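Here are my notes for you on this one, as numbered points. Have the structure open beside you while you read.

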Amino acid sequence: EPHPPVVPSCPLPSKTCDVVPTERPRSCCGMAVAGLRTAKYHLPEWHRRNAGVCYEAYTAGEQAERGRAEAKHLVKHAAASAQRAQGYSKATLGQRLQDIHFWRVELQKEIMELDAETNLLAAQKLRLERALDATEVPYSVVIDNLECRERRQPPDLVIDEVEKQLMKEADLIRDIRDLLKRTIIQAATQIRSNRIQKENCELDWSDKVETYNIDDKCVGYCTDSTDVQYHPSSVKFEENASTPKSWAQFSHDNISRAEQEKLASVQLRSLISNIIHDASEDLRMQRAAVNEAFDSHCRELDDAKLRLENHLKQILKDIGDEEANIVNLKKAIRDKEAFLKVAHTRLYDRSFRPNVELCRDEPQFRLVSEVEELTVFLEALKRKLMESEQNLKNLEETRMKLEKEIAVKANSIFIDRQKCMGYRVRYPVDLEVASYQ
């Protein structure tokens, strides 16, 4: 509030009395009495002078009385005005203390809420970091599965459903890791923004506390205080001083920005929870899909291996039968060759019959027919022997192929069931649970 105008003091106007000079009577005695007449006045002069002195005394007394009355009124008015001005200033300071206390409480409340929200967000950030660490084991399991399945032998080295699901799982884990890393950076940025805004509110709050203490000290000052003194230089307004509107707007803006950061932090915490939950569900579903693909493929391998083993048993039986058949064929050929030798010998011996005895008789025709018949049978048996030997060779090749295929299937089953599925036991059960550990 501006100070009341100060009326400068000035002396009261004085009344000047003009005395009319009188003409002294001229002396008629000559120069002899001139020295005695110079210091004396006439009686009228004396009366007038006395009247003038009395008038001056009366005027001075009247003026002094008026001045005392004015001074008394001025003192009374000044005391009342000073008391009123001091009371108004004290009331204004009290109202100002209430305003400062209001904003101080609001800032303190906002600081506490922002600090609590920052701690909650830091806990969510720690969950993200733990979840990111928890994805290293699934990723190493998937990469190990893919590397193990690369050691399958060529007949089974195919891009099957298991490999497709494993590749999909690897891509999913990489996407989840990238998402978690980006969210961690976003959470760190939000935490830094929360702390910066909290620091701004704390600076404003500390200024409010210091100002409250100063104004509270000013409220306690009175005329009886011993530590009051003149400070003429403090009357002027500072150039950088704020207005009540800008002062209140400054704290309001700090609280508004703190509310915005707090709301962004709450939304980010909710987003982090959803990300961890969704990532956990996606990993769980993909892990189940991979395990199902492994189980299905292992069952297919078992069925294929069982069918191959059954075929191998049949082939081994056929090989035994074929070998026995070859032995029988060779024995039959030897037997037929013995019969052919007998027929050839008979014909050879009968060719030495003399003269007319060399006759084409019935035995001769019968021996020739027997030789022809035995020759046909021998040729047929030899052809059948060659076919049997070729069949045995084919059976042996088939046996080797079946044994190789069975070995390949056994190797594939060992890789998928023992190496891959056995290693997948280390797969974490739940990423969301792992983020709390």
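1. Glutamate 292 counts as partly exposed because its relative accessibility is 47%; the cut-offs are buried under 20% relative accessible area, exposed over 50% and partly exposed in between, with a 1.4 Å probe and protein chains only. Glutamate 292 sits in helix H5. The C-alpha atoms of glutamate 292 and valine 162 are 8.7 Å apart, although 130 residues separate the two along the chain.

2. A word on what you are looking at: this is a predicted model, in which local features need pLDDT of at least 70, side-chain atom pairs count only at pLDDT 80 or more, and totals for chains, interfaces and linings use all residues. Residues are numbered from 1 along each chain as its sequence is written, and side-chain values use heavy atoms, with hydrogens and water left out.

3. The protein chain has seven helices and zero strands, in the order α-α-α-α-α-α-α from the N terminus. Helices (H or I, at least four residues) and strands (E, at least two) are DSSP runs, numbered from the N terminus. The radius of gyration is 66 Å, well over the 22 Å that the globule rule gives for 437 residues, so the protein chain is more spread out than a compact globule. That radius is taken over C-alpha atoms, and the rule is 2.2 Å times the number of residues to the power 0.38. Along the principal axes, the C-alpha atoms fill a box of roughly 255 × 40 × 25 Å.

4. How much of the protein chain is buried? Of its 437 residues, 27% count as such. Among contacts (heavy atoms within 4.5 Å) between residues at least 6 apart in sequence, 88% join residues at least 24 apart.

5. The largest nonpolar core has 33 residues, and Leu180, Ile272 and Leu283 touch the most other members. Such a core is a set of buried Ala, Val, Leu, Ile, Met, Phe, Trp, Tyr and Cys residues joined through side-chain atoms within 4.5 Å. Helices H2 (43–134), H3 (136–149), H4 (161–219), H5 (244–350), H6 (362–423) and H7 (431–434) each supply at least two residues of this core, and H4 gives the most, with ten residues.

6. Which residues does leucine 180 contact, leaving aside its neighbours within four places in sequence? They are Leu128, Ala131, Leu132, Thr135 and Ile275. A second, separate core of 21 residues includes Leu367, Leu385, Leu395 and Ile406.
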